[in-house]
Amino acid sequence: MNRYADIILPLAFGSSLTYLVPQTMAEHIKVGCRVRVPLGPHRHYTGIVSRLHEEAPRDYQCKPVDELVDVRPLLLKTQLDFWQWMADYYGCTLGEVMKAGLPAGLKRTENYRPKRCRYVRLGRSLAGVDTCPDPVRQSLSRAGRQQKALDYMITQTVLGHGAWTLPDFMAAAGCSRTVLDGLTDRGLLEIFEQEVSRLDKEGKSEPCQIQELSQAQQQAMDTIVCCWQSKQVCLLHGVTSSGKTEIYLHLIKDCLTRGQQVLLLLPEIALTTQITSRLKKVFADDMVVYHSKFSESQRAEIWNRLLEKDGYRLVVGVRSSVFLPFRQLGLVIVDEEHELSYKQQEPAPRYHARNAALMLARLHGAKTLLGSATPSIESYNRAVEGKYGLVELPIRYQNLPLPEILVEDIRELRRRKIMQGSFSPVLIDKMTEALSAGDQVMLFLNRRGYAPLLSCRNCGSSPRCPHCDVSLHYHKKTGRLQCHYCGWSQAVPTTCPSCGSRELSDRGIGTEKIEEELHELFPSVKLGRMDTDSMKSREDYEQAITDFEEHRTDILIGTQMLTKGLDFDRVRVVGILDADSMMNFPDFRAHERAFQLMTQVSGRAGRKDRRGTVILQTREANHPLIRAVVNHNYRQLYVEEMQQRHLFSYPPYSHLIDVWFKHRDALVVKNAAQCYASWVAPHLPEMVFGPFSPAISRVKGMCLQKLSLKIVPPLSLSKIKEYLCSARETLLKSPDYRSVLIFLDVDPV
Ligand code: ADP
Ligand code: ZN
Ligand code: ZN
């Protein structure tokens, strides 16, 4: 009976391919091992065995596997299941999941090579001596330098320091390479090699005592544990500075004590030294940090360490750490679960790490904790409906007050000509006060606010889509406004639909202008800037934080980066310069997002001993959303959002899927999208919108078209995805559209 292996290859086509397992390999090959296989006449790939069986494929002649790369599986059973779920849910291939999931260091054929280092120690003949034996001393009578170096090594070995790197030894013993070689030639010293880690060794630090929880924190923790008895998932809604991180620490510790592993997911930008060093102090060598700035060999090494019995037990990482091999995962924590940056945008799989983490935990039978001061509407909805446990922690640690939020009606201030620049008089006063007291100021400006958007300079509102209740995108080139969701469009109106003013414009405030104004107001004050333009690397970002932390800068201006769980002590004032651009962002999540950003950035104001002040500048001072922010009222946001979502059938009342089409030729891509739409639309009545040109319709020379689907239960999401995928395959078979790229974005954000 012939044996066959299905192999996942790192390619974007179809399912896995079947190969013949040679007799000699049959005993050793296992599911999850890497193999080398031929593909086409000249190519060879490294793939992963996904299944072993005895069914010869009917429609093609099997080639044999060339080579078995691993003795033990590199991919665990749960990982294979996880990959399969991801491919199914996000409508991509296993190969694409493999590309994303496996570190490049493990994808290549040359095997990952452990790093080795050379050391020197006493020769075997001298093992156990505590002084140099006489015969040796005599033989060295004419080599004083060798004698000295040897004596040094003997003393050090007695003291317990018996192995040295060569440079270290030469430096410590004060000898040259020739002396060292002389000793090794005589067999008195010996050189040996050992595998060393590529990962930084922080040096063994004594694990720190973990802080005791406050009564409120303890109660929250007990409730979480209690929820887990009946539910897999629990949502911790704790205001900023309530000590969520402290609760995580205790839960992690408990889980590790039970001998299980923990994954703590953080948004990329939050993975600063602030939080990791706090965790490192407690968990020391049990913990590894996994982020995108690691080299491929470092990632491969972490992967391999995790496969070992005594490997890491706590992984603190960014979204891609959901792909790591866990043997005994007991707990997954997703911090700042509402963060949009958990969503992978490009390339496939376009997964949401929070949702993927939930599935990962489910496959392991592990518990999940979602934590946030401003939960996503979707997660909160699940909690309210009882699918997740819900734990509220509404007070800050030590009962510190939440910041005071003052609303500045800039529409009124401008009308009365009291405010000319970007800062209201109250903001200027508060900044002056803070700076002269030696305190710091943070100014928040939303980068996403620069979406192509037309807004009224008088009332702050933006024209909205009559069908979708989202702001319309402004397409400068065509001079039209278009809906991002249904494709509806109109010519640019001459007056504001809300107030009749003629002052419609697409201009916002820019960071540079802000800097200029600040220089005029406070010439001697040092400014720091933190946004995607000024941050080229993680180091820049950490530098900006450290500068502010150590008070080398007085005012920090930034975009959403400012909101990511940073903990500063001397921030007395936070200014939110332009709330309107966030509220009017052309997205159905605009209000949710605006609430989250404003609440999170407010949370940076005044910690420890003093209440902070937030100045919120808006043209829509009476907007219910502004009231919700001012009153720290998440529930109000939730209730109002749910009404809107219901009215327009947005998530959580529906699932959205975007189908994207990409091609160099604008006409080809348009026709392909039209053709696809004309097939699927009749089968999915009232669900398909478009195709239309997205706001950014050309990226890197590729023209884009987009089709949007809104799927309302009880329709089955998986059936529809299947249908969309098969329509994609049919379209790609047509000679006209063979080179069009088509992909799904399931649950886009
Ligand atoms: P959150 O993550 O909810 O915003 P943090 O966990 O960062 O809050 O806590 C805010 C601040 O309060 C931190 O400086 C933290 O060290 C301190 N803190 C919170 N809980 C405790 C505790 N139980 N013991 C000592 N310090 C605490
Ligand atoms: Zn207006
Ligand atoms: Zn619309």
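A polar contact is taken here as a pair of N or O atoms within 3.5 Å; within protein, one must be able to donate a hydrogen and the other to accept it, and residues adjacent in sequence count only if both atoms are side-chain atoms. The model is predicted, so local features need pLDDT of at least 70 and side-chain atom pairs count only at pLDDT 80 or more, whereas totals for chains, interfaces and linings use all residues. Residues are numbered from 1 along each chain as its sequence is written, chains are lettered from A and ligands numbered from 1 in the order in which they are written, and side-chain values use heavy atoms, with hydrogens and water left out.

**Exercise 1. Describe the surroundings of ligand 1.**

Step 1. A nitrogen atom of ligand 1 lies 3.1 Å from an N or O atom in the side chain of Y397. An oxygen atom of ligand 1 is 2.8 Å from a backbone N or O atom of S241, and a polar side-chain atom of K244 is 2.8 Å from an oxygen atom of the ligand. Of the accessible area of 550 Å² that ligand 1 has on its own, the protein covers 83% (Shrake-Rupley method, 1.4 Å probe).

Step 2. The shell around ligand 1 holds 17 residues, of which E212, Q217, S241, K244 and D567 come nearest; a residue belongs here if one of its heavy atoms lies within 4 Å. These divide into three nonpolar, eight polar and six charged, where Ala, Val, Leu, Ile, Met, Phe, Trp, Tyr, Cys and Pro count as nonpolar, Asp, Glu, Lys and Arg as charged, and the others, Gly among them, as polar. Helix α9 (residues 244–257) gives the largest share, three residues; helices (H or I, at least four residues) and strands (E, at least two) are DSSP runs, numbered from the N terminus.

Step 3. S241 sits in the loop between β9 (233–238) and α9, and has a positive phi of about 65° although it is not a glycine. Its relative accessibility is 23%, so S241 counts as partly exposed (buried means under 20% relative accessible area, exposed over 50%, partly exposed in between, with a 1.4 Å probe and protein chains only).

**Exercise 2. Determine the geometry of the zinc site and the parts of the chain that it joins.**

Step 1. The zinc ion (ligand 2) is coordinated by the SG atoms of C456, C459, C496 and C499, at 2.3 to 2.4 Å; donors are N, O and S atoms within 2.8 Å of the metal (3.2 Å for Na, K and Ca), and because water is not among the atoms, sites may look incomplete.

Step 2. The angles among the four donor atoms run from 104 to 113°, and the site is tetrahedral, a label that requires all angles of four donors to lie between 85 and 135 degrees. The ideal angle for four tetrahedral donors is 109.5 degrees.

Step 3. In sequence the donor residues follow the spacing C-x2-C-x36-C-x2-C. Since C456 lies in strand β18 (residues 455–456) and C496 in the loop between β21 (489–491) and β22 (504–505), the pair ties together parts that are 40 residues apart in sequence. Both C456 and C496 are buried.

Note on methods
Tetrahedral: all angles 85-135°; square planar, octahedral: opposite > 155°, others 65-115°.
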